[in-house]
Amino acid sequence: MVSAWFMDSSDEDQRLSHQLDPPQPVSLEDLANCGVLYWKVSFFSLIYTRQNNLYEKEIVDVNCNGIIPQIICSDVFLPHLFQLKSFFEEHLHSDEEIRFILDGSGYFDIRNYDDKWIRIQVEKGDLIILPAGIYHRFTLDDKDYIKAMRLFIGEPVWTPHNRPADDHPARADYIRKIKDGRYA
């Protein structure tokens, strides 16, 4: 089961847990109210589902027709360090970000509607979907290794729109959905 919590405002190493004292956990329901969806699945289930064009709601509620594997390990070589630094810049995307964690672990940080950081710990077997327009970032944890797949709907769109991007159509749509209670 995924763990999530409100973060402290410390500038210490981004790979630390940054829990408040006392900790303030965030439930799956609270994440869903931000538009973030989560499943614990086996890799076999995901591949079987993908290969047979069966997109079962309990696995993933979107038709994913693109899979791009990604390995990030901070001690491999310099391009990964640059990539990791860019992932930790607060940004949004015009499409959902769908990630399946194959191995290792790390953190997705999201901004909730009140602009507070929530840290979501992901590990092997976690499938997470961040809605288009949500401000977020990613970092490794202190184990310095994650292997993940990014799944796409249609053509892959990698473009991050760094904050501030409040005028971006995906952000406006996200805010509208939050206000309309579509994620609640």
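A: A residue is buried under 20% relative accessible area, exposed over 50%, and partly exposed in between (1.4 Å probe, protein chains only). The model is predicted, so local features need pLDDT of at least 70 and side-chain atom pairs pLDDT 80 or more, while totals for chains, interfaces and linings use all residues. Residues are numbered from 1 along each chain as its sequence is written, and side-chain values use heavy atoms, without hydrogens or water.

The part is helix H4, residues 169-179. First, its setting. The protein chain has four helices and 10 strands (DSSP runs numbered from the N terminus: helices are H or I, at least four residues; strands are E, at least two). From the N terminus, the order is β-α-β-α-β-α-β-β-β-β-β-β-β-α. The chain has 184 residues, and 44% of them are buried. Now take contacts (heavy atoms within 4.5 Å). Of those in the chain with a separation of 6 or more, 73% join residues 24 or more positions apart.

Now H4 itself. Ala 170, Arg 171, Tyr 174 and Ile 178 are buried in this helix. These residues lie on the same side of H4, because they cover an arc of only 100° around its axis (the arc is taken from the directions from the axis to the C-beta atoms). Pro 169 and Lys 179 are on the other side, and both are exposed.

What covers the buried side? The cover of the buried residues of H4 includes helix H1 (28-33). Strands E4 (91-92) and E5 (97-111) are also among what covers them.

Arg 171 and Tyr 174 line the second largest cavity, along with Arg 111, Asn 112, Tyr 113 and Ile 175. A cavity is a set of points on a 1 Å grid over the protein atoms alone where a 1.4 Å probe fits but cannot get out; lining residues have an atom within 4 Å of a point. H4 contributes the most to this lining, with three residues.

Next, the two ends of H4. The loop between strand E10 (161-162) and H4 holds Pro 164. The peptide bond from Arg 163 to Pro 164 is cis, with omega near 10°. Just after H4, Gly 181 has a positive phi of about 75°.

Asp 21 and Pro 22 are joined by a cis peptide bond, with omega about 5°. Pro 22 sits in the loop between E1 and H1. Asp 115 is not a glycine, yet has a positive phi of about 70°. Asp 115 belongs to the loop between E5 and strand E6 (117-123). It is partly exposed, at 35% relative accessible area. Asp 144 also has a positive phi, near 60°, and is a residue other than glycine. Asp 144 falls in the loop between strand E8 (136-140) and strand E9 (145-152). With a relative accessible area of 19%, Asp 144 is buried.

One more loop residue leads back to H1. Met 7 lies in the loop between strand E1 (3-6) and H1. At 12% relative accessibility, Met 7 counts as buried. Beyond its neighbours within four places in sequence, Met 7 contacts His 18, Leu 20, Asp 109, Trp 117, Ile 118, Arg 119 and Arg 137. Met 7 and Leu 20 are 13 residues apart along the chain, with 5.8 Å between their C-alpha atoms.

Note on methods:
1 Å grid on protein atoms, 1.4 Å probe; cavity = no way out; pocket = protein on both sides within 12 Å on 5 of 7 lines; lining within 4 Å.
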